[in-house]
Amino acid sequence: MFLNGIEQLLRRKIVLTAAIATVAFLGLYWWGVSAASSADLSMGHGEADMAVDMLGPEDAALAAILTAGPLAATLVTALIIVIGSTMLPEEIGQGRMPFWLSLPQTRLKVYLSLGLAPLAVSYALALILFGGIFLITSIYFPFTARNIPFVFISMLAWLTVVWAAVMLLSLVLKKIASMLIVFFLSSVASLFGGLYEIMKMFPGETPKALETITHTVIYVFPADRGYRGVLYGLIPADAVITENLAFFGVTASVPSLHLVYAFFWSLVLLSIGYWKFRRMDF
Amino acid sequence: MEKDILIRVDNISKSFRKVQALSGFSLSVSSGSIFSLLGPNGAGKTTLMKILLGLVGSDSGSVTIYDLPVSSPLSRRNVRYLPENVTFPSWATPEVLFRQLERIRHESSTEEFRQRCIELECADLMKRPLGKMSRGQKQRVALSLVTAGKPDLVLLDEPSSGLDPGGRILVRNLIRNLSSEGATVLINSHLLGEVERVCDTATFISRGRLIAEGELDSLSRQTGLAYIETDNADNMKLSLEKLGYSCRKESKGVVAELPDPSSFPDLARSVLDTGIRFTGMNQMRESLEDVFLRIMQNDSEQGDDIVS
């Protein structure tokens, strides 16, 4: 059933479009990074040129990854929202769900198999995108990433949260409404995720209300924690400008407990989704 | 015999919000029969079929297939279902779809599938995407997909939908073949002519209740018409009219109206007395359509009585 779902997804135009966009994105990224690698950054001022001379390839790699990361994340998020919100409703709407459920398999198997297909496709796309970014960057600006295994786990946590939310909402709302809500939640989570990191740099100096809202968003929709974990694991371990960026919370690490919470949260949403699916009449 | 009961439905009820789809419904279906569910739109036929497959849960009562509750996937191990108006992905070919089904069923019955496609005259469509097929071709492919292998129970919702007369004949033959291979076939269809040709038993449902069931022969009554097969229809008609019978000529005989259904022996004597050569004579029975209308009419009148 899972393979059937994958087979079906790979035939869809949205997945083909995402694949083309990925190739185009990586092509453009390659072009930009190769151009940057041969650029002369000297500015003609003594102090500025000294500062430039202090920077190594790791710093260029950091800048490149932090520029491309959010764009890649937007592409992956858009794909998982679109295919995740249409998978089950489409099977139901086309009258295929009674057919699948009449076969000797449990509802849980049908729910998870059809549901896991969009997660698997999106995860594969995210691996290609971020893997491509890493490879292209390291060709022109050789560097050692901080923690590659952490990237894999964080990416899964990030996508699982978005996927679980969109799966649940697609069963209770119209397709377009579920897409818009999850896209809105992802954007808000990204904004407050950044604020959360900055607030950590200024303990006790943030208005209490903002702190409460930020923490609420982080815990209600923990997708951003996973995404930040991806960036943290991918960036160079020894870039000079890391400390400066850390001041803005850009390169801060993500505690493993946050990822565990993201997985737990996804499991709760999936369970609610399954509870709804199990009670549905087809 | 107890072991021959394949489907056992015991006192089930189901409502969708304020609509009572089934109410205290009980039914037993014997193994190996060709069985039809008949009733007007909204009677509860499709709901019953879906409850049998576990697609819809009943509010009360119990349903078992081979003594296994329908909530268990094991009860559907050898059950096949063709829903009405199912839309398979337009890119998929019959071969791809069958491979997908084999993956889920964990069995290989490719050869049986090919045979079924030959039987339904759609073997040449194996590599054609469903999006490039006509409605009738899709229906034949869907029937082949569903019935390939050795199913114990086949549930078909409007199996002749979208088929031309040739296709309908193929479906009839398919149903008979399935039965002869040992499968129990349950048909939900409004095409009573098709049902009459293949089914042995029928259950009539109205307003969520079982109102009649039995073998088709026992459900249909003898009518007040008799058919006399003869090469000399004109003379037969004139002679019988002289004896007071109202008659009409048909292509190979005469249809005579009886004063009452029990007076057939009197007509038979009259026909013999005419001395005109005839090759056959029988009292006509109700068609399934007549049976359906009569049973529904009775139910409607009873319902009206209850209301009044």
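**Before you start**

The model is predicted: local features need pLDDT of at least 70 and side-chain atom pairs count only at pLDDT 80 or more, while totals for chains, interfaces and linings use all residues. Residues are numbered from 1 along each chain as its sequence is written, chains are lettered from A and ligands numbered from 1 in the order in which they are written, and side-chain values use heavy atoms, with hydrogens and water left out.

**Stop 1**

Of the 308 residues in chain B, 50% are buried, where buried means under 20% relative accessible area, exposed over 50%, and partly exposed in between (1.4 Å probe, protein chains only). Contact here means heavy atoms within 4.5 Å. Among the contacts in chain B between residues at least 6 apart in sequence, 69% join residues at least 24 apart.

**Stop 2**

Select Arg17(B), in the loop between β1 (5-16) and β2 (19-30) of chain B. Its phi is near 55°, a positive value in a residue other than glycine. Is Arg17(B) buried or exposed? At 85% relative accessibility, Arg17(B) counts as exposed.

Now select Glu158(B), in the loop between β7 (153-157) and α5 (165-180) of chain B. Glu158(B) is not a glycine either, and has a positive phi of about 50°. With a relative accessible area of 9%, Glu158(B) is buried.

**Stop 1: helix α1 of chain B**

Select residues 45-52 of chain B, which form helix α1. Seven of its eight residues are buried, so the helix is largely enclosed by the rest of the structure. The buried ones are Lys45(B), Thr47(B), Leu48(B), Met49(B), Lys50(B), Ile51(B) and Leu52(B). Just after α1(B), look for Gly54(B), which takes a positive phi of about 75°.

**Stop 2: Val96(B) and a residue of chain A**

Move to helix α2 (residues 94-105) of chain B and pick out Val96(B). If you draw a distance from the C-alpha of Val96(B) to that of Asn78(B), 18 residues apart along the chain, the separation is 21 Å.

**Stop 3: Arg140(B)**

Arg140(B) sits in helix α4 (residues 135-147) of chain B. Its relative accessible area is 14%, so this arginine is buried. Leaving aside neighbours within four places in sequence, Arg140(B) is in contact with Leu120(B), Glu121(B), Cys122(B), Leu163(B), Asp164(B), Gly167(B) and Leu170(B).

**Stop 4: Leu168(A)**

Switch to chain A and select Leu168(A), in helix α7. At 14% relative accessibility, Leu168(A) is buried. Beyond residues up to four places away in sequence, Leu168(A) touches Leu269(A), Ile272(A) and Gly273(A). Leu168(A) and Gly273(A) are 105 residues apart along the chain, with their C-alpha atoms separated by 4.6 Å.

**Stop 5: helices α8 and α10 of chain A**

Finish by selecting residues 175-201 (α8) and 223-234 (α10) of chain A. The two helices pack at an angle of about 65°, with their axes 9 Å apart; axes are lines fitted to C-alpha atoms, for helices over the stretch in contact, and angles run from 0 to 180 degrees between N-to-C directions. That makes α8(A) roughly perpendicular to α10(A), since angles of 65 to 115 degrees count as roughly perpendicular, under 35 as roughly parallel, over 145 as roughly antiparallel and the rest as oblique.

On the α8(A) side, show Ala189(A), Ser190(A), Gly193(A), Gly194(A), Tyr196(A), Glu197(A) and Lys200(A), which meet Asp224(A), Arg225(A) and Arg228(A) in α10(A).

Of its 12 residues, 11 are buried, so α10(A) is largely enclosed by the rest of the structure. The cover over its buried residues includes α4 (57-93), α6 (107-140), α7 (148-172), α8, α9 (208-220) and α12 (256-279) of chain A.

Methods: Helix = DSSP H or I, 4+ residues; strand = E, 2+ residues; numbered from the N terminus.
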